Amino acid sequence: MDELIEKIFEEIEISLNYYKESDPVEYEGKILGLQEALDIIHDKYEISKHT
C-alpha cells in the first residue's frame with residue numbers, strides 16, 4: 001500500500017509541475033481538487049491501518 005501511495009504522489013507531482021508551467025489558472029484548480037482527493041486518500045489510509 002505504501003508503494004502505491006508513493007507512486008500516486010509521484011504522478012500527481014509530475015502533473016502539477018506541468019500545469020504550473022503551462023497554465024497557472026488550471027494549476028490552482030488542480031491543486032484544490034487534488035488536495036481534496038489527497039485528504040480522502042489519507043483518511044482512508046489511516047483508517048485501514050487500524051482495521
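Biologist: How many salt bridges are there, going by your rule?

Modeller: The count comes to 3 salt bridges, where a salt bridge is a side-chain nitrogen of Lys or Arg within 4 Å of a carboxyl oxygen of Asp or Glu. Please keep in mind that this is a predicted model, in which local features need pLDDT of at least 70 and side-chain atom pairs count only at pLDDT 80 or more, while totals for chains, interfaces and linings use all residues. Residues are numbered from 1 along each chain as its sequence is written, and side-chain values use heavy atoms, with hydrogens and water left out.

Biologist: Which residue does Glu11 meet in a salt bridge?

Modeller: Glu11 pairs with Lys7, with a distance of 3.2 Å from N to O. Both residues lie in helix α1, 4 residues apart, which is about one turn of the helix; helices here are DSSP runs (H or I, at least four residues; strands would be E, at least two), numbered from the N terminus.

Biologist: And how exposed are Glu11 and Lys7?

Modeller: Glu11 is partly exposed at a relative accessible area of 39%, and Lys7 is also partly exposed, at 44%. The cut-offs are under 20% relative accessible area for buried and over 50% for exposed, with partly exposed in between (1.4 Å probe, protein chains only).

Biologist: OK, what about Lys30, what does it pair with?

Modeller: Lys30 forms a salt bridge with Glu26, and their closest N and O atoms are 3.6 Å apart. The two are 4 residues apart in helix α2, so about one helical turn separates them. Lys30 counts as partly exposed at 30% relative accessibility, and Glu26 is partly exposed at 33%.

Biologist: And which residue does Lys49 meet?

Modeller: Lys49 meets Glu46, at 3.3 Å from N to O. This pair also lies in helix α2, with the residues 3 apart, again about one turn of the helix. Lys49 is partly exposed, with 47% relative accessibility, while Glu46 is partly exposed with a relative accessible area of 27%.

Biologist: Switching to α1: how far apart are its end C-alpha atoms?

Modeller: They are 31 Å apart, which agrees with the 30 Å that its 21 residues should span at 1.5 Å a residue. The expected span is 1.5 Å times one less than the number of residues.

Biologist: Which residues of α1 are buried?

Modeller: Ile5, Ile12 and Leu16 are buried in α1. Seen down the helix axis, the buried residues of α1 fall within an arc of 40°, so they line one face of the helix; the arc is taken from the directions from the helix axis to the C-beta atoms.

Biologist: What do those buried residues pack against?

Modeller: The buried residues of α1 pack against α2, which covers 24-49, with contact meaning heavy atoms within 4.5 Å.

Biologist: And which exposed residues sit on the face turned away?

Modeller: The face of α1 turned away from its buried side carries Glu3, Glu6, Ile14, Tyr18 and Glu21, which are exposed.

Biologist: Which residues form the nonpolar patch on the surface?

Modeller: Leu4, Ile8, Phe9 and Ile41 form the patch, and together they have about 330 Å² of accessible area. Areas come from the Shrake-Rupley method with a 1.4 Å probe, and for residues only the protein chains shown count as cover. Patches are made of residues with over 30% relative accessible area and no salt bridge, with like charges joined within 9 Å and nonpolar side chains (Val, Leu, Ile, Met, Phe, Trp, Tyr) joined within 5 Å.

Biologist: Which helix gives the largest share of it?

Modeller: Helix α1, residues 2-22, gives the largest share, with 3 residues of the patch. Ile8 counts as partly exposed, at 31% relative accessibility.
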